[in-house]
Amino acid sequence: MEFRVLGPVRVLAGGRPIGPSGPRQERILAALLLGAGRVVPVARLVDVVWDGEPPATAVRQVRNLTTALRRTLVAAGAGDDVVTADGPGFTLRPGAFDLDAFEEHATRGEFREALACWRGPALAGVDSAALRPDAERLEERRLAVLERCLAADVEAGPADVVAELSALVSEHPLREGLVGLLMRALHGAGRQADAIDVYQRAKRRLAEELGITPGAALRALYEQLLHEEPVPGRCFLPYDVPDFTGRTAEVTRALEALRAGRPVVVDGMAGVGKTAFAVRVAHRAAPGFPDGQLFVDLHGHTPGRDPLPAEAALSALLLQTGLPASRQPDRLDERAALWRSRVAGRRLLVVLDNAADAAQVVPLLPGGPGVGVLVTGRRRLAAVDGATAISLDVLPPSEAEALFAAAAGGRSGGDVARLCGYLPLALRIAAARLQARPLWTPADLVARLGSERRRLGELRAGGRDVAAAFALSYRDLPPARRRMFRVLGAHPGGDFAVAAAAALYGTDVTEAERLLEDLLDAHLLRQPAPDRYGFHDLIAEHARAEADPAETAAALDRLLDHYRDAELPFAAERANLVAATESALETGRNDHAWRIADRAVAALRERGHRDELTALAHAGVRAAARLGDPDARQLSLANLTTAHWETGRLTEAVDATAERLRLVRESGDRAAEAAALARMGALHGMLGRYADAVRDYRQALVLAGETGSHAVAALVWGNLSNAQEVRGQFEDALTSASRSRAIREELGDGAGAILASAQLGLVLARLGRFPEALAVAEKAVRTAVETGYAFGEAWSRIDCAEVLLAAGRAAEAHDHAERACAILARLNHPLLLTMAANSLGAASLALGDPAAASAAHGVALTTARRIGYRAQEARALTGLGSACAASGRDAEASRHLRAGRELSGEIGEPVRAS
């Protein structure tokens, strides 16, 4: 169905007119078409129909006429939504519309095609005073495009357009643009006297009819022609948007390269703003290229268009230099040679926008210096030798927010910018939608963009569409790259390694890396770090939209197998492991979920990644519960206990361990019961329940002996030693610590031996055996440092600090405690941090610095109370009391010391001097 306003107002279906019916409906149709795609208020339609003198029933009549028009259109084959009632008015959504076609042709520089859309005066036959300004505006637009069309014709062959221009000047004698073009055409045809005469006649007419003189541009042209001065080179650059935002460093770099005579090649993902960037640079560089600035859209990624052949691109360039098509050779090599010859020695700037690939660009490159070249494309174009390559990424958040605000009329939208992925095209579309909906707020737009599944659908407006831009990049991929693009959409996490991509695709890492690099060159992937790849958020959504469900399910199975079985860099993959486990849970792959979580816990614990450790542990528990496997359930609860332990959630850890004990006792797994009792004892010790802790340790040792669980026995002996040392049972503590270290060494457990040795050193110090204690503790520190065992280093430095304090060497103790605090802050380990901070406080007080002691004990007290570590809370209170006393703050000192004594009495721990 075709709609027309450029001439008589018509609607045609299959070439047959179907409306409107009568002059009133014709006026309504005209007004709706002029506001196509927007709500036209009923009040406007009333004004259009009755020109300010409406009857009392005007509103009802307008609604009836509009409804009848809709019925006519729908009956003729239009969609049900061709005309809709929207709030205060009606919206018409035409299919083929001559005004849209006119503007599209004009935008592409296809001026003759644009003018061919006209079939007479705009709104011909529509007698409405309210529509008269619109008809005049459209006529002015037609004349402006006609002037641009004739300007190109004058440049190509001035003699051919003299007759047409003469007729137009007779019709519009006061239109200075047409007068100037006729003067140029006459001058180009060798008729200088006639050109001067045209000027003089126009000058007289302007004076007689309007009382004015010719404008500056026409006077300047007259002076040029009069004195035979050369006309400056023409500029074919598109409009430079006034709200261009950011890219300061990249613009500067491009300008410097052009001024130095180097080509500039700009690449980036769809919608990143390459054309706007190139136009901004070209306009800034234009003064340095006085012979002209040329621009050709190569249509490498234009919806509905094939890439422009090199022959056609050369023809467009030659036309812009003034050579008509009739004088251009047909063969590519001959046309390229003519192009190079024609621009040799000239200071021209050539912008080749939207290139498909290097093969399209290379024939268009000039042969010598003097011509600046600026190329844009989605793919990296390495074939332009000596070029300065500039890759545009999405905007930084602050610049993206500024662009949105500028495009949205000053309304801020930080969340909108984030949901648009800071992509300029998406930001402009979002801003346009907000501008077109006056009742919307940025919060309304955020709500519409909030769903990943519908976000791309929301980012389309006025013929611009983010998804369509991505689809063109996808369309141009060979089959193997398309498949890799699709299966990567199944990855549930953020950036990923080559091995993960290989698993998704079902190939080896060599082939996977080749495909990933190809997608990276096409700007369908990003590379946030060496050997890691990832999607922009909106492209990830597009990849998922292109996916085949069966293909995606198989790819996800392979990926989860990879995360379950392969050797992994756990620190780098921790976020992906969480995402993969959650995805496995969501899709019912529960065995994968708990096994991935189970294997990751130890590695993440060692590296201090507490948040991911906790997330994985919780996911593992849920998955194991769904499976109903007793062993999986108890192991997952053990992992959850570890996560709670590491993050200082001791009460939650006790609950998880109690549930684990219940399960293993029901199943009769005595080895697992030993391990659970060992952990429960440690938790009781942290909470100051030492009698319960010792009981649990004794039971665990019996079970460990029965089941041959030597690693559990080593752990329990070490923990038992700690409980005995706290309770002042130093000889028993020494025996327990020695047994723990011996078992660790026999098992070849180097990390465990470090921890046991540090405990042994501390107990030796408590017995007054300082030389021996120092030798053992310092060796534990050295071994931890040499092996890169950060947790063990912090642990052993705490115990070494305690040994040194007992030996009266406070300065050395301070150094060890301070280093331990730094390590534990990095590892985010609150349990040990309370111990280290208390050691640091004690060392500071011993060195005569009560202020530093108060600060350190304050950290320990806050952390101990938060996590429920009552033994260290008691020590922190005592330490604060001593520090306050040393500072003369007796009332505070008395309060803290009393609280420390009371808490120590509650938990059965001797009061320890700080």
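Val42, Leu45, Val46 and Trp50 of helix H2 meet Ala58, Val59, Gln61, Val62, Arg63 and Thr66 of helix H3, where contact means heavy atoms within 4.5 Å. By class, the contact of H2 with H3 has seven nonpolar, two polar and one charged residues; Ala, Val, Leu, Ile, Met, Phe, Trp, Tyr, Cys and Pro count as nonpolar, Asp, Glu, Lys and Arg as charged, and the others, Gly among them, as polar.

This is a predicted model, in which local features need pLDDT of at least 70 and side-chain atom pairs count only at pLDDT 80 or more, while totals for chains, interfaces and linings use all residues. Residues are numbered from 1 along each chain as its sequence is written, and side-chain values use heavy atoms, with hydrogens and water left out.

I turn next to a hairpin. Strands E5 (residues 83-86) and E6 (residues 89-92) run antiparallel and are joined by four bridges; two strands pair if DSSP finds at least two bridges between them. Helices (H or I, at least four residues) and strands (E, at least two) are DSSP runs, numbered from the N terminus. Valine 83 has leucine 92 in E6 as its bridge partner. Two residues lie between E5 and E6 in this hairpin, and glycine 87 in the turn has a positive phi of about 60°.

Finally, is arginine 142 buried or exposed? Arginine 142, which belongs to helix H6 (residues 132-156), is buried, with a relative accessible area of 18%. Buried means under 20% relative accessible area, exposed over 50%, and partly exposed in between (1.4 Å probe, protein chains only). Leaving aside neighbours within four places in sequence, arginine 142 is in contact with Phe102, Leu115 and Trp118.
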